[in-house]
Amino acid sequence: MKMNLGVTDRLIRLLLSSILLYLGLVPFNNSTLGIGFLIVGGIAFLTGMVGFCGLYQLLGIHTDRPQKQF
């Protein structure tokens, strides 16, 4: 697995995952919406920590490299 997430993308994912995990554990605990928040937050956390996103791989998106200037 080659990293395809840049630093900014990873930080955004980690921030978003912390918000979603909080929402899933505290205000929406024991609800279907809370479980959904936990799943999405967990995926965002894992991709942010590892630096690899399978969806980005399928779409050919790489945010870890600088853009080529013309």
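I count a contact when heavy atoms lie within 4.5 Å. This is a predicted model, so I read local features only at pLDDT of at least 70 and side-chain atom pairs only at pLDDT 80 or more, while totals for chains, interfaces and linings use all residues. Residues are numbered from 1 along each chain as its sequence is written, and side-chain values use heavy atoms, with hydrogens and water left out.

**Entry: Leu20**

I started with Leu20, which lies in helix 1. Helices here are DSSP runs (H or I, at least four residues), numbered from the N terminus. I leave aside neighbours within four places in sequence; Leu20 is then in contact with Phe37, Val40 and Gly41. I looked up the C-alpha atoms of Leu20 and Gly41 and found them separated by 5.0 Å. These two residues are 21 residues apart along the chain. Leu20 has a relative accessible area of 12%, so I log Leu20 as buried.

**Entry: helix 1**

Helix 1 covers residues 7-25. I count 19 residues in helix 1, with 27 Å from its first C-alpha to its last. That is close to the 27 Å expected at 1.5 Å a residue. The expected span is 1.5 Å times one less than the number of residues.

Which residues of helix 1 are buried? I find Asp9, Arg13, Ser17, Leu20 and Gly24. They cover an arc of only 75° around the axis, which puts them on the same side of helix 1. The arc is that of the directions from the helix axis to the C-beta atoms. The face turned away from the buried side carries exposed residues: Val7, Thr8, Leu11, Ile12, Leu15 and Tyr22. The cover over the buried residues of helix 1 includes helix 2 and helix 3 (54-59).

**Entry: Arg13**

I checked Arg13 next, a residue of helix 1. Its relative accessibility is 15%, so Arg13 counts as buried. Leaving aside neighbours within four places in sequence, Arg13 is in contact with Leu5, Ala44, Thr47, Gly48, Cys53 and Tyr56.

**Entry: helix 2**

Helix 2 runs over residues 32-50. I read 19 residues and a reach of 27 Å from first C-alpha to last, close to the 27 Å expected. Its buried residues are Gly34, Phe37, Gly41, Ala44, Thr47 and Gly48. They cover an arc of only 160° around the axis, which puts them on the same side of helix 2. On the other side of helix 2, I find Thr32, Ile39, Ile43 and Leu46 exposed. What covers the buried residues of helix 2 includes helix 1. Just after helix 2, I noted a positive phi of about 90° at Gly51.

**Entry: helix 1 against helix 2**

How do I describe a helix pair? Two packed helices are described by the angle between their axes and the distance between the axes. I get an angle of about 155° for helix 1 and helix 2, with their axes 7 Å apart. That makes helix 1 roughly antiparallel to helix 2. Axes are lines fitted to C-alpha atoms, for helices over the stretch in contact, and angles run from 0 to 180 degrees between N-to-C directions. Angles over 145 degrees count as roughly antiparallel, under 35 as roughly parallel, 65 to 115 as roughly perpendicular and the rest as oblique.

I also went through the residues that meet. Those in helix 1 include Arg10, Leu14, Ser17 and Leu21. Those in helix 2 include Leu38, Gly42, Phe45 and Met49.

**Entry: Asn30**

Asn30 lies in the loop between helix 1 and helix 2. I read a phi near 60°, a positive value in a residue other than glycine. Most residues other than glycine have a negative phi. Asn30 is exposed, with a relative accessible area of 76%.

Asn4 lies in the segment before helix 1. Is Asn4 buried or exposed? I find Asn4 buried, at a relative accessible area of 0%. Leaving aside neighbours within four places in sequence, the contacts of Asn4 include Gly51, Phe52, Tyr56, Ile61 and His62.

His62 lies in the segment after helix 3. At 30% relative accessibility, I log His62 as partly exposed. His62 touches Asn4 and Gln57, not counting residues up to four places away in sequence.

Methods. Helix = DSSP H or I, 4+ residues; strand = E, 2+ residues; numbered from the N terminus. Buried < 20%, exposed > 50% of the residue type's maximum accessible area, 1.4 Å probe, protein only.
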